Structures are given as C-alpha cells and as structure tokens.
Amino acid sequence: MCFAETMSKESPGNIPDFTTPFVVSAKKAKKRARSSGGILVYTKPSLRQHVKMLKGSDSTLWLRIDSENVGLHLKKSLFCYFCYIKPYSRRDLSETAFNQLENEITEYIREGEVLLCGDFNAWTGGLTDYLSLDEIGQTFSDCPIPNYYTPDLNLPRNYLDKQSNINGENLLRYANLLIYGC
C-alpha cells in the first residue's frame, strides 16, 4: 500500500495488519512554508520477508518482490517504483527524471515485471493513452506487435485536466516502454 506526497518527514507509525513502512521523507523547500513529497509503502507481514529495497532517492523508491514462495503466483519478480515527481517547472528537470526512470525500467524489466506507482504530476489531458492501429498482424518498424497481444479498445476518457504537460507526455511514453517494449 503506497501513500505518495504524504508531506511527512517520518513514518506516522503502523497501520493495523501492515508492517512498518518503507519511508522516503518529505523535503521542505527553502521558499515554501510546508514540506512536499514523501512516500510511505506498507506491506503485509506475510510478504515483508520477500520485499527488498533496491534503491531510493529523495523522491523515488524501488522495491523488489521476489517471485519465489510469495503465494502471489508470480512467474517473475515484481519491481515496484514509487515516486513523487515535482510539478513541471523546467523541461530539462522533467526530462532528467524520466530519463532516469527509463534507465531503471530497462535495468529491471530484464529480470521481471515493473509496476509504476505514485504521483507523477502528469497531466495527460486528451492525449491518447493506448496504441492506435494496434491490431494483430499490424507491423511497426520500431515496435512489432506480439501474437499474444490483445488490441486496445478505443474508449473515450473522462479526464479532469484539460491540458497536457511534459510530465504527462513522458509518463505515456514510458508506459508504452513498459507495455510494448518500445
């Protein structure tokens, strides 16, 4: 269970039936009166021994859930990325955060499945969040569609953010990397 942008500098304590959380402390900006960011990830006691922290920063956390003896019927290990990405302020900062994410996805996807969670401060507005023209047999030069793939349904979205931002564009691009490998 993940709480992103908790604004907490330390763990508020345990939640019944969960273990002590993995914590990424919120940071107080020089010009702001309050802290921002912060991540808390709680696990069930039965899973805790199978969850390993791989790396963390002031705004991200990577956990690995081992596939063996977990009881989740995982065929591969699950690599979970939890984040609080600051709201878009400069293109280069956004690109840096998502380029780092791409490198880490590329590293972990070889060993298992990857799950992205948290607050990306990504506005996707009306951007397409699925592959269009993705029927079986369709050929793309940079991303062949595998035979087992189920084509996306072209469903209209209900969205609150009427605009998109660079974080939203990057998030959709990296979601395609995870789902389609390209």
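**Cores and a helix in a predicted chain**

Of the chain's 182 residues, 33% count as buried. The model is predicted.

Biologist: What makes Ile105 count as buried?

Modeller: Buried means under 20% relative accessible area. Ile105 has 1% relative accessibility, so Ile105 counts as buried. This residue is found in helix 2.

Biologist: Which other residues of helix 2 are buried?

Modeller: Besides Ile105, they are Ser94, Phe98, Leu101, Glu104 and Tyr108.

Biologist: Why are they said to lie on the same side of helix 2?

Modeller: They cover an arc of only 115 degrees around the axis, and therefore lie on the same side of helix 2. The face turned away from that buried side carries Thr96 and Asn103, which are exposed.

Biologist: How do you know that the span of helix 2 agrees with its 19 residues?

Modeller: The expected span is 1.5 Å times one less than the number of residues. For helix 2, residues 91–109, that should give 27 Å. The end C-alpha atoms are 26 Å apart, so the two agree.

Biologist: How far apart are Ile105 and Leu116 in space?

Modeller: From C-alpha to C-alpha, 9.5 Å. In sequence, eleven residues separate Ile105 and Leu116.

Biologist: What makes a set of residues a nonpolar core?

Modeller: The residues must be buried, be of the listed kinds, such as Val, Leu or Phe, and be joined through side-chain atoms within 4.5 Å. The largest such core here has 13 residues. Those with the most contacts inside it are Phe22, Val41, Val51, Leu61, Leu63 and Phe82. At least two residues of this core come from each of strand 2 (22–24), strand 5 (39–41), strand 7 (60–65) and strand 8 (77–84). Another core, of twelve residues, lies apart from it; Phe79, Cys83, Phe120 and Tyr174 are among its members.

Biologist: Which residues is Phe82 in contact with, leaving aside neighbours within four places in sequence?

Modeller: Contact means heavy atoms within 4.5 Å. On that basis, Phe82 is in contact with Cys2, Ile39, Val41, Ser59, Thr60, Leu61, Leu63 and Cys117.

Biologist: How many helices and strands does the chain have?

Modeller: Three helices and nine strands. Along the sequence the pattern reads β-β-β-β-β-α-β-β-β-α-β-α.

Biologist: Where is confidence lowest, and where highest?

Modeller: Strand 4, residues 35–36, is lowest at a mean of 71, and strand 7 is highest at 92. The chain averages a pLDDT of 78, and 73% of the residues score at least 70. Where pLDDT is low, the predicted coordinates should not be read in detail.

Notes:
Residues numbered from 1 in each chain as written. Predicted model: local features only at pLDDT ≥ 70, side-chain atom pairs only at ≥ 80, totals over all residues. Heavy atoms only, no water. Buried < 20%, exposed > 50% of the residue type's maximum accessible area, 1.4 Å probe, protein only. Helix = DSSP H or I, 4+ residues; strand = E, 2+ residues; numbered from the N terminus. pLDDT = per-residue confidence, 0-100. Arc of directions from axis to C-beta.
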